[in-house]
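Please read the points below with the model open beside you, and check each one against what you see.

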Amino acid sequence: MDLVFTMLVPFLMLAVALWGLARRVDLWSALTDGAEKGLKVSLRIMPPLIGLLTAVHMLRASGALELLGDALGPALAAVGIPAETIGLLLVRPVSGSAALGVGAELIETYGPDSLVGRTAAVMLGSTETTFYTVAVYFGAAKVGKTRYAVPAALCADVAGFLAASWAVRLLF
Amino acid sequence: MAMSLIWTVMVGVAILCGLATGNGPAVAKGALDGAAAGVELCISMMGPLCLWMGVMEVMERSGIAQGLSRLLRPAIRLLYPDFAGDRAVMDAVSANLSANLLGLGNAATPLGLEAARLMAERTPGVASDALCMLVVCNTASFQLIPTTVASLRAAAGSADPFDILPAVWLASLISITVGVTAAKLSSRCWR
């Protein structure tokens, strides 16, 4: 079963390539054009990541995150969320790059294959930057009365954080 | 603006807390270490990220996104009953969903915004139930292959960066189900 998920990505690459060939897409230039976009994305996220990792490393060195984890940890632990992820929970709905920075720091500190590292990764993968998305969508639609959109979206976020913690405990 | 505030608060709290706990020198060192870590992280993520963007580009050009969008149409009708007959909105919403599933974020956003604009034409200034549902669906994440996170794990030396896939799918599914349910329930009682 593990092998299925491990090999899913290489097989997906092959399947996409074969489909592309069958549809007579210029596969090689699509691949390299996409990689070029990837370079641009990497360069675009680098400046915010430098700024945010600076602040996150300072916070971690100061002991503030531990204090916050100690204060709110028992409440989080009671529902199954690892206390170490408190920083990620706080920034995730507000800023995508901040969440990426905090998540990267957690994965680096605790190890990508640890409980905390995996939970942080699953949280990042299964939630979105809620407030940013709400602002962009309602801005584009020129809508001021957002009714229940924000509370409903936040319900989904809370469910995502809980489910990420439970899923990692259940599956690993 | 929000980011400026968050960053300043993070730095301020770090300095105050560092002074209070006697970790001042570590905070000063942390600032420089963090800046270096930002560059290192970006460079080690670059390879996997480029590979994936390449594969996604092939998906987009070979029509996989459009095919998926057609497949999703019936489910979309159920989510947006008020717009089930509106061809332009249904096209934009299903293309938005399929781009989200494939992780084509750059393609998903303009499609979603187009759908939001069309929906708002019926009820100017007020979010209709359909628009709320669209926003809730886009604030929940349901990427089939979470490439950025996998790149992050690969950069940190994970033995198997993609072993979190089933957990991500499960968590995303629960999150989106709760979001959609909350929106559907609210639409009945929220004025």
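1. Of the contacts in chain A with a separation of 6 or more, 59% join residues 24 or more positions apart, where two residues are in contact if their C-beta atoms, placed from the backbone, lie within 7 Å. This is a predicted model, in which local features need pLDDT of at least 70 and side-chain atom pairs count only at pLDDT 80 or more, while totals for chains, interfaces and linings use all residues. Residues are numbered from 1 along each chain as its sequence is written, and chains are lettered from A in the order in which they are written.

2. Chain A has eight helices and zero strands, these being DSSP runs numbered from the N terminus (helices H or I, at least four residues; strands E, at least two). Its C-alpha trace spans about 60 × 45 × 30 Å along the principal axes.

3. The contact between the chains takes 86 residues from chain A and 89 residues from chain B. On the side of chain A that touches chain B, α2(A) gives the most, with 27 residues.

4. A:L8, found in helix α1 (residues 2-22) of chain A, is in contact with B:F162 and B:L165, once its neighbours within four places in sequence are left aside. Is A:L8 buried or exposed, or partly exposed? A:L8 counts as partly exposed because it has 14 C-beta neighbours inside 10 Å, given that a residue is buried with 20 or more other C-beta atoms within 10 Å of its own, exposed with 12 or fewer, and partly exposed in between, the C-beta atoms being placed from the backbone.
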